[in-house]
Amino acid sequence: MTKTESVHGIWASRWVFIFAATGSAVGLGNIWKFPYIAGENGGGVFVLVYLACLALVGLPLLVAEVMIGRRARQSPANAIRALSIETAASPFWRHVGALGVVAGFLILSFYSVVAGWVLHYITVTSQGALVDIGQDQATRLFNQLLASPQTLFLWHSLFLILVMAIVAGGVVHGLERATRLLMPVLFALLLVLLGFSVASPSFGQAWNFLFVFDWSSFTWQGGLTALGHAFFTLSLGMGAIMAYGAYMPNKASIGSAAVMIALLDTLVALIAGLIIFPVVFASQMSPDAGPGLMFITLPVALGQIPGGQILGVMFFILVSLAALSSAISLMEPAVAWMIERMGIGRIKASLMVTSLAWLVGIGALASFNVLNDLQLFGLNIFNLLDFLTANLMLPLSGVLVAVFVGWKVHRYISEDELAFSNHRLFKVWYLLIRFVVPAAIGVIFYQNL
Ligand code: PHE
């Protein structure tokens, strides 16, 4: 039977859940990563393939994660354990949830370092450092940041303290309150920036870049990138969505909430592209700059247009809010798990998780400077954490969750929990989660190995 209460609290309404989960989904992935991978992979066709991956792989898994969370009303690690006991699955399954939680925790530790870069860029942009800046200077500015462990340390610490302050407040007074505050500001900023970009003469060029399909630009590697990103952008495979699902009110429909979350997330990614590319095209820069798009290309472009300074500050504030609402969902699964497992209070648990993530993050930020030479498998600590989590742990945990829900959890449990009004929808979902999702993620996983 579905429980109605969780020890951690319940969202006030279905909409709070939708916005909290959207806050998790909308992050650096949407604003930093999506535009640059779309840029590197030729634009239009990549976007189309990405949308297909979202619908066929991301969405079904999103539904599955929310369902597990809400059914068990516990932290992800314990939720999967509870459900595997309820369905008498083999003891192996009891440990699957922990994989995602550890992955989420590791991601938090370096996500916070990148979020720190964004905070730094709010200050340098507001001080006018980008005005009339050239490509070389912008590159130097970014490299100077990476070369300074003190600056990185400062921003990384500040960001994690913010995350901790929210998570320590609890589901209702921390996460829900932050969602109610952050999400409206985020959407408002997004719309203001979109307004500016629609008015820019290069808007048409950006639009064509993202939405005109030139099949010759499609590559299989691009397809895999799209698939992997569909997964990351919806915060799947690390318990974030499962943890939020545990606090979802009982009567709310999981299917329609999941569709809403995926739609909002996609909308933000596309709008981010429509904000970034007109600026880039207006200053005749190239869209395929890779990870430096946001920290090098965009600053140069901003420095050349009128009002660039204020737009830039708004833009980097937008990104940092998006990163913050994602980071809290990365911390929550581990905190909830410690509370359940060790019987300690939320403040203590948040402090412990934060300290640990802080320490690992210090290793990650030092890999750009003092620990540059420390390499494992040819990767520095930052890249190793990224590779390990995004390329190995997440797909693995995603496949396991799909197989668990599709093949181990009794079908009637899913039918009962999802309560689709149209049974055909259930059948489609069930087919996707049993066959399509494991196969698709299996391919990414194999490729990454
Ligand atoms: N979905 C977030 C993004 O696109 C990243 C994230 C992954 C956040 C997992 C939380 C959990 O940036």
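How many cavities of 30 Å³ or more does a search of the whole structure find? The answer is 4.

Hello everyone, let me first say what we are looking at. This is a predicted model, where local features need pLDDT of at least 70, side-chain atom pairs count only at pLDDT 80 or more, and totals for chains, interfaces and linings use all residues. Residues are numbered from 1 along each chain as its sequence is written, and side-chain values use heavy atoms, with hydrogens and water left out.

A quick word on terms. The search runs on a 1 Å grid over the protein atoms alone: a cavity is a set of points where a 1.4 Å probe fits but cannot get out, while a pocket is an open set with protein on both sides within 12 Å along at least five of seven lines. Lining residues have an atom within 4 Å of a point. Points are joined across faces, edges and corners, and a volume is the space filled by probe spheres set on them.

Let's start with the largest cavity, which holds about 130 Å³ of space. Its lining has 15 residues, with S24, Y111, F232, S235 and S326 nearest the centre. Two or more residues each come from α1, α2, α5, α10 and α14, and α14 gives the most, with 3. Helices here are DSSP runs of H or I, at least four residues long, numbered from the N terminus.

So what sits in the largest cavity? The ligand does, by the rule that more than half of its atoms lie within 2 Å of the grid points. Around the ligand are 15 residues, the closest being A25, G29, Y111, S235 and M238; to be counted, a residue needs a heavy atom within 4 Å. By class, this shell has 7 nonpolar, 8 polar and no charged residues. Ala, Val, Leu, Ile, Met, Phe, Trp, Tyr, Cys and Pro count as nonpolar, Asp, Glu, Lys and Arg as charged, and the others, Gly among them, as polar.

Now the polar contacts, meaning pairs of N or O atoms within 3.5 Å. A backbone N or O atom of G29 is 2.7 Å from a ligand oxygen. On the nitrogen side, a backbone N or O atom of F232 lies 3.0 Å from a nitrogen atom of the ligand, and S235 places a polar side-chain atom 3.0 Å from a ligand nitrogen. Taken alone the ligand exposes 320 Å², and the protein buries 100% of that, using Shrake-Rupley areas with a 1.4 Å probe.

The second largest cavity has a volume of about 50 Å³. Its lining includes E65, M238 and S397, and α5 is the main contributor, with 3 residues. The classes are 6 nonpolar, 5 polar and 1 charged.

On to the open spaces. The largest pocket has a volume of about 860 Å³ and 36 lining residues, with K33, Y36, D386, A390 and N391 nearest its centre. α16 supplies the largest share, 8 residues, and the lining splits into 22 nonpolar, 11 polar and 3 charged.

And the second largest pocket? Its volume is about 330 Å³, and among its 18 lining residues L59, G255, V259, F420 and L425 lie nearest the centre. Here α3 gives the most, with 5 residues, and the lining has 13 nonpolar, 5 polar and no charged residues.

Definitions and conventions. Polar contact = N/O pair within 3.5 Å; in protein donor to acceptor, adjacent residues only side chain to side chain.
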